[in-house]
Structures are given as structure tokens and as C-alpha cells.
Amino acid sequence: MGLLNPRCIVARGDEADLGKGSQIASIFAGHGHHLSALLLRRAYGLKNIGRGAAGRDGDQDIALAHVGPNLTLKHLICWIVVHQSGKGARIHGQGMDIERLALSQIAAHQLGSPVLGIGSATAIANQVHPTTALERGDGQRGGVIDRANKVLTESLIGFLGLEKALTHKGIGVRGGDVGLHRPPVYDAAMELRADALQLAYPASAGQVKRAVLSGVDFQLDLGRFQALAGPNGAGKSTLMRALAGLHQPDSGRVLLDGEPLEARSMAERARIIGYLPQEVQPHFHFSVRDCVLLGVRVHEQSPWFENEPSAKAIAAIDRALDLVDALDLRERQLHELSGGERRRVLLASVLAQEPRFLLLDEPAAMLDLSHQAALFALLKRLAQEQGLGVLCVSHDWNLASTFADHLTILHEAGVHASGSPAELMTAEVLTPLFGDSYTLLPRPGHPPVLLPQ
Amino acid sequence: MKRRPLTWAALLALASLVLAPLVGTVSIDLGTALRELFASPSAEWSAETRILSLRLPRVLLAWLGGGGLAVAGAAMQTLLRNGLATPYTLGVSSAGTFGAFLCLAFPTMGAFLILPRLAALVCALGVTFLVLAVARRSPRPDGLILAGVTLNFLFGAAVMLVRYLADPYQLAGLDRWLMGALDVVGFEVPLSLLPWLAVGLFLLLRRATAFDQYAFDPGLAAARGVDAQALRRDGLFAASLLAAAIVASCGPIGFIGLLIPHAVRAGTGMRHQRLFVGSFLLGAAFLTTADALARSLALFGRSSEIPVGIVTALVGGPFFLWLLLRRAR
């Protein structure tokens with residue numbers, strides 16, 4: 001079940017705990033992890049973790065989901081600690097997971113739970129106070145995260161042994177300076193929300209402005225694969241661009257983790273939200289590696305001159321390409337690739353931003369059936385295993401309803417319906433969109449299939 | 001060449017800088033000349049040493065100018081997303097030529113501007129600001145390039161008018177400037193080019209990674225934290241600044257800004273840190289070599305040198321065609 005296969009998880013921090021704001025939460029707030037929320041949800045069927053309360057008592061052995069200090073439901077910070085019988089045996093996959101594991105180990109140590117060989121928890125407690133630092137702005141935040149990373153890496157090495165830790169992708173040791181490749185964005189369960197969004201395109205002379213979105217509410221959660229469907233011109237792409245912060249709405253707001261999107265710098269947003277438009281047309285010839293490097297750059301203050309990308313950047317490129325199963329394309333030129341390969345590489349370049357939210361406009365357009373299915377399966381996996389919030393505009397209703405957890409249908413500049421694919425693939429919902437030009441065929445185990453008639 | 005394009009470009013640039021002063025219609029014994037150059041007072045120099053001292057500032061000017069033009073061309077091609085863009089696309093060269101011609105053709109009228117080079121700089125910078133201002137107010141996305149092309153024609157016509165009104169005896173001098181004016185005396189001109197070059201290159205290289213994002217896709221660049229509009233504005237300004245200063249110093253030498261970035265891109269790929277540095281080195285080597293060639297060739301019994309602008313186009317043209325064919329393969 002999932003990447004880490006936890007043997008036991010205890011979630012602490014239900015509604016009753018909200019007022020307590022415990023010690024550990026104030027130490028680690030901001031470092032909470034959506035993956036934990038996700039695993040809890042999947043493992044125990046807990047609903048609304050990350051945005052609401054959750055709780056279930058069990059083995060005290062291993063900990064916990066915890067409550068943030070701000071005492072709002074939104075700031076519930078979830079933690080897991082995974083106790084592995086075979087030490088390090090299952091620690092594979094993407095760089096972030098191992099880091100989370102180290103964090104959890106440290107959290108467990110704080111609680112007095114049994115931990116595998118980590119000695120620097122007190123050091124972390126003394127050095128890292130993200131709760132205060134996070135609110136002070138970007139510069140300090142970077143410093144705190146850097147320090148946290150260093151400590152975490154040391155812990156990780158203590159946990160795995162130096163050699164194993166170093167052979168893991170994404171850890172670089174240079175001149176004795178230990179650092180994880182890059183800090184992921186550490187905020188706890190986040191959400192990306194559109195609030196009563198109004199947007200109209202400027203009219204040409206003598207014409208009325210055409211409303212593209214009128215009062216649209218929308219929410220994208222971490223760990224979920226959501227699809228955005230609707231007839232042509234319903235405002236799907238516009239909504240997505242507004243969520244990415246690329247369209248200024250006429251009224252209404254886009255909120256990231258409760259704050260207006262504009263409160264963050266463009267560079268900071270790019271580390272949280274990855275957006276891939278429907279068409280990307282590089283005017284010049286890019287190599288696959290340079291293309292993915294563009295995503296990595298979001299995290300790097302690059303030096304004045306660099307003949308070759310740093311080892312860290314190359315590791316990040318490889319990791320992103322590996323995620324989309326395109327590592328073998330690394331030395332190729334982008335324009336030589338087939339449509340499917342190209343799509344995967346572009347996706348890798350967005351994943352290299354290590355975003356929390358992935359906004360993809362028609363990612364499967366122009367792909368053949370098997371590539372479409374593979375791509376959507378990958379997106380679902382990214383949501384489930386990496387805990388990304390994935391939003392995908394799709395014209396293919398059947399593809400979307402087969403893979404997505406949640407479907408939102410836009411129609412005439414507003415939200416027509418929103419819910420699980422099974423709930424929405426019905427005549428009541430679809431007839432206002434398509435009249436009698438369609439038919440629904442039942443399909444066992446899946447939502448019905450939409451066909452033209 | 002494929003493996004280490006920048007190393008090769010650096011070697012070429014260095015070699016051209018060292019060897020070019022030795023090349024010309026008069027051959028020089030390097031040992032003697034250098035000894036005299038540094039040890040003896042200038043009054044005692046031999047003819048060869050005097051010639052070397054004349055060539056040195058000229059070689060330096062060609063080296064700096066060629067490098068700067070190539071970088072400006074690379075930046076323009078990315079920002080306008082057009083492989084045909086050159087440093088002169090926004091009208092810098094015809095405006096600069098107009099300024100210089102005014103002074104050359106009507107010395108009394110241009111007196112308040114003192115020098116043709118200064119007049120060229122003023123006009124070239126002026127047109128840069130004008131084009132950028134027009135583009136900012138234009139609702140069209142291609143407003144910039146159209147404004148540039150329009151002003152190019154406008155100043156082209158003004159240049160023709162100056163030629164028409166000028167004293168026929170001065171036409172030869174005007175044409176000579178138009179074909180490349182590297183024949184400077186003393187280090188004043190190359191040294192006065194330096195600060196402009198430094199500022200322009202600084203502005204471009206500082207944002208090289210943003211150029212990468214912009215080249216890939218301007219829309220995507222915005223989603224990756226690059227303010228595409230600001231980059232375009234600042235980048236075009238920096239590239240035009242380079243071009244304006246170089247036109248004023250060297251005359252409107254064409255082709256380098258178009259050709260060199262294409263050649264370099266084939267070797268370095270699309271990372272602009274490499275592209276800018278490589279373009280500078282190869283551009284410097286190219287113009288220095290072309291100038292050395294221009295000084296050495298004696299065509300049809302004419303012992304005077306060929307204008308460098310003719311050489312860059314005659315050598316660069318076939319090379320560019322070869323490049324096109326090679327990459328198409």
C-alpha cells in the first residue's frame with residue numbers, strides 16, 4: 001500500500017486537541033507533510049486530514065498527526081513515523097520521501113518513541129524555529145530551511161549510514177558541507193483555492209466584454225487528482241491560468257494556503273505551483289536536459305557563469321526524468337522526440353520545479369490511446385504517492401472519469417457540477433451540456449462511458 | 001569543437017588578438033618591434049614599429065566590437081524569438097549612421113556635436129528609447145519589431161537625404177564609414193567603448209538564466225517566476241545599448257550579430273550563460289580576423305585595404321549558408 005508501507009500509524013490531534021498547540025507542533029510547524037496526511041487517509045480511511053480533524057488511537061509505539069500552533073483547522077499538521085522492520089530496506093524512490101522519513105524519526109524521538117539511531121533531535125529543536133521564521137519573510141525562511149536541511153541530512157546519515165545516504169539520489173556532499181539537494185516547500189497541508197473568481201476578456205470597440213469566468217469557486221487539494229472538464233469556451237484554461245497566477249481576475253481572489261497568491265513573489269509561486277500550458281513552442285532547439293533544467297532553475301540562484309549545470313542540478317534533472325520514465329531521452333534533442341516523449345519531457349520539466357500543485361492544460365491532447373492512459377496513470381500516481389495536488393484540463397471525459405478522483409465541470413463561465421466522476425457521469429449533469437447528442441454506456445467498476453450519438 | 005565549444009572559442013579569440021597585429025600589407029619583425037615599442041621613445045621608432053602601434057588599438061576595437069555585436073545579436077534573437085533578428089533590428093544602425101553622416105557631410109552643422117562618433121551614439125541611443133516607448137504604448141504584440149523596422153526605413157531615408165545633399169567630394173568618406181570604421185588612431189575609441197560594453201554585458205549576463213526560460217516559452221517563463229515583460233524591456237535596452245555604442249565606434253558592421261549567435265548556438269546549446277560568453281569570444285575572433293584579412297588583401301592592384309564590412313559579409317555569407325546546410329542534414 002503505497003510507497004512507505006507503514007506498519008502502524010497513530011494519528012493524534014483530533015478536534016479536542018486543537019486548543020493545546022503542543023510543543024512539538026511549534027517546533028515543526030511548517031514542516032508538516034502532505035504525504036503523511038495522505039497515507040493516513042488511505043491507510044485508515046480518515047477523511048479531511050490536512051484540512052480538518054482526524055484521529056484514531058492505536059499503538060503508542062509510533063506517532064502522530066499533530067496540531068499546528070495557529071489553532072485553525074487549516075493548520076492541522078500531520079505527522080507520521082514509519083517503523084520499518086528491515087532497516088532502510090524500503091527506502092527507495094524519490095528523494096523527498098527519505099527526507100520525510102528522517103523528519104518523522106526525529107518527531108518520534110521528541111515524543112520519546114523508539115527511534116532508529118538518531119541523536120540530533122535536540123539540536124534541531126534548538127536550531128529550527130520555523131513557526132516564527134516562516135512568518136518573517138522569504139530570506140529568513142530560506143536560512144531556516146537550509147539549517148533544517150543540514151540537520152536533517154546529518155540525521156539521515158546517522159540513520160542510514162553515510163554510504164547509503166550518499167548513494168541516494170538527491171543528497172550531495174561537497175567539501176564536508178552536508179545538504180539535501182534542495183528543500184521542498186515545507187508548508188503543511190495546503191490548498192489552492194479560487195474564491196468567487198470573475199474574469200472577462202477585454203472587448204474590442206463597440207462590443208460588450210465577454211465574461212469567461214463569473215463567480216467561480218474552486219478548490220484544489222493536495223494528494224488528489226482532479227480534472228476540469230466542460231465544453232469549448234467554458235473557461236477551463238482561463239481558470240487554470242488564474243490559479244497559476246498568470247491571469248489577474250477582475251474580482252474575486254486566488255488563495256494559496258489562505259493567503260492571496262499575489263502575496264508571494266513570482267519566484268516563490270513557481271516553487272509551489274507548476275503549470276504546463278497546452279502548447280509549448282520553443283523557438284530554438286533545446287536539448288532534453290536543458291529543457292528539464294529550466295524547471296530545476298526555479299530553486300536555484302544560479303551563478304554568473306556555469307559551464308555545466310551543478311551535480312545537484314543534474315541529479316534533480318535525472319530524478320524528474322526518472323519519474324516520467326524518460327531517463328533514456330536525456331541526451332536527445334527536444335524537437336527530435338515523438339509527441340508522447342515530448343509530453344513526458346515537458347511534464348518532467350514541470351516536476352523538476354518540485355511543485356506541490358501541478359496544473360496541466362490538456363496534457364493528453366494529441367497522444368495516442370496508450371500514451372494517454374499511461375500519462376493519466378502517472379498523474380494519479382503522482383497525486384497518490386508524491387502527494388501532489390494535480391489538476392488537469394481534459395476534453396476526454398472518459399479518460400478523466402476513469403483516472404481522476406474528482407471532476408469539476410465548467411459551463412457558461414460557471415461551475416456546472418462538481419463531484420466524483422461516478423456522481424457526475426449522469427444524464428442530469430450531461431444533458432444541459434450536450435443536449436441529446438450523447439449516450440452513456442454502463443461500464444462495470446468504472447463510471448459509465450460517454451459516447452457521441 | 002563539439003565537446004568543448006567554449007574552450008575553442010576562447011583559444012580562437014586569444015589567438016586572433018595576439019596574431020592580428022602581426023598581419024597586414026607590411027610584415028613586422030615582432031621581436032624588434034616590441035623591444036622598440038616598450039624601450040625606446042616614440043620619436044626613435046622604426047616604420048615597422050609605428051605601424052604596429054597603429055594596428056594595436058584597431059585590433060582591440062575590432063575584438064571588442066565583434067564580441068559585443070555577437071552578444072547583442074544573441075540577445076535580440078532570443079527576445080524577439082526570431083533567428084533573423086540582429087543588433088540593428090530596432091533601427092540602431094541607420095540612426096547611428098544618420099548621426100555620423102550629419103557630422104561628416106556638414107561639418108559646420110554637426111559642430112555642436114563635435115565628433116561623428118558622438119553624434120552616432122546620440123542618435124542610436126535616441127532611436128532605442130523611441131522604439132521601446134512606441135512598443136510600450138502599442139497594443140500589438142509585434143509593435144516592437146514593426147516600430148523598429150519602420151524607424152530603420154525612416155532613418156535609411158534620412159541617410160539618403162544627407163548623401164543627396166552632401167558635397168560629392170565627401171561621398172567617398174561617407175561610404176567608407178558605412179562599410180566599417182575600424183581605422184582608428186590611438187586607444188581613445190576602443191577605451192571609450194569599454195564602459196558601454198561592460199554595462200551592456202553585465203545587464204545581459206546577469207539575467208542569462210531568465211533568457212533561457214524566455215527562449216523556451218515566454219508564457220511558461222512567467223509561470224516559472226520570470227517577469228517576461230521586464231526581461232524583454234531590459235534585455236532589448238541592454239542589447240541596443242551595446243549596438244549603439246559599437247555602431248558609434250566601428251560603423252554599422254553587419255552580419256556578425258546575425259551569424260555568430262547561430263554558429264555558437266550549434267555548439268553550446270540554449271543555455272545563455274554559455275551562449276553569451278561563446279558569442280562574445282567567437283564574435284571577437286571573427287571581426288578581428290576579418291579586419292586582419294581586410295588589411296592584408298590587395299585586390300585588383302589596389303594597395304589600400306578593403307573595408308571590413310565587405311569582408312565580414314563575403315566571408316560570413318558562405319559560412320552561414322554552410323551552417324544552414326550542415327544543420328539541416
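1. Let me start with the interface: 25 residues of chain A are in contact with 23 residues of chain B (contact: C-beta atoms, placed from the backbone, within 7 Å). Helix 9 (266-272) and helix 10 (288-296) of chain A are the elements that give two or more residues to the side of chain A that touches chain B. Helix 9 of chain A provides the largest share, four residues. By type, this side of chain A has 16 nonpolar, five polar and four charged residues (nonpolar: Ala, Val, Leu, Ile, Met, Phe, Trp, Tyr, Cys and Pro; charged: Asp, Glu, Lys and Arg; polar: the others, Gly among them).

2. A word on reading the model. It is predicted, with local features needing pLDDT of at least 70 and side-chain atom pairs counting only at pLDDT 80 or more, while totals for chains, interfaces and linings use all residues. Residues are numbered from 1 along each chain as its sequence is written, and chains are lettered from A and ligands numbered from 1 in the order in which they are written.

3. Please keep the confidence in mind: chain A averages a pLDDT of 65, and 57% of the residues score at least 70 (pLDDT: the predictor's confidence in each residue, from 0 to 100). Residues 1-102 of chain A stay under 50, with 217 contacts beyond four places in sequence in the model. Residues 104-149 of chain A are also below 50. Where pLDDT is low, the predicted coordinates should not be read in detail.

4. Now the sheet. Six strands of chain A form an open, mixed sheet in the order 10-11-12-7-13-14 (strands: DSSP runs of E, at least two residues; helices: H or I, at least four; both numbered from the N terminus; pairing: at least two DSSP bridges). Strand 10 (273-276) and strand 14 (414-419) of chain A each have a single partner strand, so one side of each lacks a neighbour in the sheet.

5. Strand 7 of chain A deserves a look: five of its five residues are buried (20 or more other C-beta atoms, placed from the backbone, within 10 Å of its own; exposed is 12 or fewer, partly exposed in between). Phe225(A), Ala227(A) and Ala229(A) point one way, Gln226(A) and Leu228(A) the other.

6. Strand 7 of chain A runs parallel to strand 12 of chain A, joined by four bridges, with Phe225(A) opposite Val390(A). Strand 7 of chain A also pairs in the parallel sense with strand 13 (residues 406-411) of chain A over four bridges, and Ala229(A) stands opposite Ile409(A).

Methods
Contact = placed C-beta atoms within 7 Å.
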